[in-house]
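Okay, thanks for coming, everyone.

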Amino acid sequence: MELKKTTHRSFTRWLLLVATVAVIVYFVPTEERNHYTYEVNRPWTYSLLTAPFDIPIHLDSISARAACDSIDNNFEPIYKRDVALEKSIVGNVATRLAGAADIPITPTERNHLTEAVKEIYEAGVVDQQTYSRIVSRELPMVRFIHDNTAMSVPTNGFLSARMAYAKLDSIFGNDERFHRTIVMTHLTDLLQPNIEIDSVENRRMLSELYQRATAPIGVIQQGERIIDRGDIVTIQLATILDTYEELAGERGTDNLVSSSYYPLAGQLLYVVLLIASLYSFLYIFRRDYYDDPRSMTLLMLIIVAFTVLSFAVVKENPSTLYIVPFTMVPIMTVIFLDSRTAFFSHLITVMLVSMVATFPLEFIMLQLIAGSVAINSIKELSRRSQLVKTALFVLIAYLLGYIAVEVMQTGTVDQLSTRIIGYFAINAVLISFAYILVFIIEKIFGFTSRVTLVELSDTNNQLLRELSEQCPGTFNHSMAVSNLAAAAAQKIGANELLIRAGALYHDIGKIKNPAFFTENQHGVNPHDALNPMQSARIIIDHVAEGLRMAEHAKLPSVIKKFINEHHGAGRAKYFYITYCNAHPDEEVDPAPFTYPGINPQSRETSLLMMADSIEAASRSMTDHSPEAIQDLVNKIIDGQIADGLHRDSPISFRDIKIVKEVFANRLRTMYHSRISYPDLKKSS
């Protein structure tokens with residue numbers, strides 16, 4: 001059975017190793033493999049680059065944009081006059097005036113009105129948008145093309161259709177007859193723009209101007225130096241590099257990275273070595289995690305998740321890599337595992353992501369500093385507010401590290417990027433939400449964080465409140481056991497918070513029958529009416545009942561272990577001995593008097609078993625001398641060891657020696673003798 005279990009664990013570990021390597025290598029950004037990654041105003045990190053062919057030198061993006069903006073600002077748009085529409089409108093006006101009956105003006109005045117319309121159209125009628133630009137002085141001049149010759153024309157004489165009507169109305173002053181004629185013949189319906197923008201010609205001419213303005217200003221000849229390691233990537237150099245990569249791709253002569261399978265093989269070997277080093281660390285220093293599939297799965301999942309997330313971010317925009325909250329890797333690991341594993345897993349993650357970082361050394365340095373700060377500030381997480389404090393410390397670490405690198409490389413703080421600082425701020429905000437990830441991991445993997453243990457230790461929880469109300473004696477006993485065991489746990493380096501919470505819940509099964517337990521009795525003992533075997537069954541049943549209540553209350557599995565293991569496979573000795581004394585000639589079967597639980601499997605549950613028995617026994621002591629207390633502690637713990645109740649626990653003899661001293665000292669403090677106060681003597 002043990003061999004089968006070991007084989008299953010080994011298979012799970014190797015499967016995790018293969019899956020982790022495969023996923024990471026698969027998601028390494030492929031689009032960027034044949035391109036350099038760099039940032040403007042930062043040093044070039046690659047070796048000397050020379051031109052494999054002639055490369056035209058274009059204006060940098062800022063200069064090109066400025067040139068195009070200048071063209072846009074000075075460009076006179078091209079308009080065209082629709083002469084046919086103009087003649088059609090003037091003809092239609094004349095026709096309506098001639099054919100209308102009962103209009104109040106004479107034929108001569110009709111000709112005068114037609115001539116006025118003709119003059120307006122000869123000056124030009126434009127659309128409302130163009131007229132608005134003219135009024136706001138954005139369009140002082142336009143051009144007309146005639147016989148391939150462009151002629152600039154001022155726009156101050158152009159009118160919109162609405163203003164053309166207003167001018168017609170104003171030409172004839174206050175003569176109501178002309179106004180009525182215009183209304184009766186609906187001349188305003190005929191007024192349309194005869195001058196409109198020539199969009200096609202405008203686009204063509206602008207395109208030609210843009211091409212001239214952004215034409216190459218020089219050439220880098222084949223074999224000429226482009227950039228060398230350590231050179232600052234200026235905006236102009238970035239433009240040349242972009243041109244180089246574009247031309248290299250078009251020519252099919254991309255020499256940036258070999259087209260063979262060597263890069264993929266190198267990545268595969270790199271990832272295998274890093275993950276294997278993590279496995280080696282766990283095998284040598286944390287064998288308990290190495291042998292636990294759940295811990296290994298959690299660790300690999302965290303590393304893969306943040307590595308793949310980083311690859312996705314880099315693929316979209318390499319400069320945004322610092323937004324990724326890498327310190328969540330050590331934070332999650334230190335919360336559920338330990339600080340050494342947290343630092344090593346963080347180191348492995350950072351080394352994996354450095355494959356795609358623009359500046360690997362700077363990236364590694366900043367992440368190691370931030371990770372160390374995160375581990376030191378969060379190793380005792382017990383409140384949500386600590387995550388906010390950790391996020392602030394990480395932000396400060398990032399900023400100081402970034403300033404140090406920039407000052408070291410450039411010798412000035414003028415090159416500090418507010419964009420990078422903003423990324424650090426976003427990173428810190430994301431870290432403060434790590435509590436959500438803690439909750440998710442607890443639900444998926446069944447781990448229990450310190451925050452959860454603190455919440456469980458709150459005596460206002462429904463289950464503990466019910467215990468205090470229905471079993472006040474048991475509640476006080478649980479509190480005393482919790483304090484006693486926690487003191488010993490602190491001395492031997494066990495999980496103090498875990499044992500404190502577990503001790504509070506270990507006897508919740510007594511809620512079902514509180515009166516059958518001596519600490520809750522008040523002069524009446526219901527066991528007097530039962531035989532020892534019946535009494536033992538009721539006492540023993542509080543373990544199974546406690547597990548049922550814990551299951552119903554959805555308590556974590558680590559708390560259930562305290563309920564199940566605090567008596568182990570021990571016996572209800574009082575009733576067993578009572579039964580044996582009542583049946584001296586009978587070979588008594590110990591099974592009905594034996595608890596169904598398993599023996600303690602951890603140091604914490606061993607401590608609880610010891611503290612539970614010692615605290616209960618100390619209540620019946622009449623002699624509280626230091627010697628009597630020490631004898632009681634030795635007798636109970638040595639008896640449990642002799643019965644084999646702690647043989648499955650990793651607790652050592654050295655731990656047991658320390659635990660005995662702690663228990664004895666605590667009990668001596670609890671039962672120390674007090675000074676009797678003298679009576680006041682009254683004078684006669």
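I'll go through the cores, then the aromatics, then a hairpin and a few loops.

Quick housekeeping. This is a predicted model, so local features need pLDDT of at least 70 and side-chain atom pairs count only at pLDDT 80 or more, while totals for chains, interfaces and linings use all residues. Residues are numbered from 1 along each chain as its sequence is written, and side-chain values use heavy atoms, with hydrogens and water left out.

Let's start inside. By nonpolar core I mean a set of buried Ala, Val, Leu, Ile, Met, Phe, Trp, Tyr and Cys residues joined through side-chain atoms within 4.5 Å. Buried is under 20% relative accessible area, exposed is over 50%, and partly exposed is in between, with a 1.4 Å probe and protein chains only. The largest core has 69 residues, and Ile275, Met332 and Phe363 have the most contacts inside it. Helix 12 gives the most to this core, 12 residues. (Helices are DSSP runs of H or I, at least four residues, and strands are runs of E, at least two, numbered from the N terminus.) Apart from that core there's another one, of 51 residues, with Ala488, Ala501, Val633 and Ile651 among them.

What does Ile275 touch, leaving aside neighbours within four places in sequence? Counting heavy atoms within 4.5 Å as contact, Ile275 meets Leu17, Thr20, Val21, Met300, Ile348 and Leu352.

Thr341 comes out at 0% relative accessibility, so it counts as buried. Beyond four places in sequence, its contacts are Phe281, Leu282, Arg286, Tyr289, Leu299 and Thr333.

On to the rings. There are 15 aromatic pairs in the structure. Rings of Phe, Tyr and Trp (its six-membered ring) pair if their centres lie within 6.5 Å; planes under 30 degrees apart are stacked, over 60 edge-to-face, and the rest tilted. Take Tyr322 and Phe424: edge-to-face, 5.3 Å centre to centre, 70 degrees between the planes. Tyr322 sits in the loop between helix 12 (293-316) and helix 13 (328-336), and Phe424 in helix 17 (residues 418-431), so this pair ties together parts 102 residues apart in sequence. Both Tyr322 and Phe424 are buried.

Phe424 also pairs edge-to-face with Tyr402, at 5.8 Å and 70 degrees. Tyr402 is in helix 16 (residues 385-410), so that pair links Phe424's helix 17 to a part 22 residues away in sequence. Zooming out, Tyr322, Phe326, Phe363, Tyr398, Tyr402 and Phe424 make up one aromatic cluster.

There are charges over rings too, meaning NZ of Lys or CZ of Arg within 6 Å of the ring centre and within 35 degrees of the ring normal. The charged end of Arg294 sits over Phe447, 4.3 Å from the ring centre, and Arg571 lies over the face of Tyr576 at 4.9 Å.

Next, the hairpin. Strands 5 (residues 141-146) and 6 (residues 149-154) pair antiparallel over 6 bridges, where pairing takes at least two DSSP bridges between the strands. Phe144 has Met151 in strand 6 as its bridge partner. There are 2 residues between the strands, and Asp147 in the turn has a positive phi of about 55 degrees.

Last, two loop residues. Which way does phi go at Arg137, positive or negative? Positive, about 65 degrees, although Arg137 is not a glycine. Arg137 lies between helix 5 (128-135) and strand 5, and at 74% relative accessibility it counts as exposed. Lys554 has a positive phi as well, near 55 degrees, in the loop between helix 23 (532-552) and helix 24 (557-565). Lys554 is exposed, at 71%.
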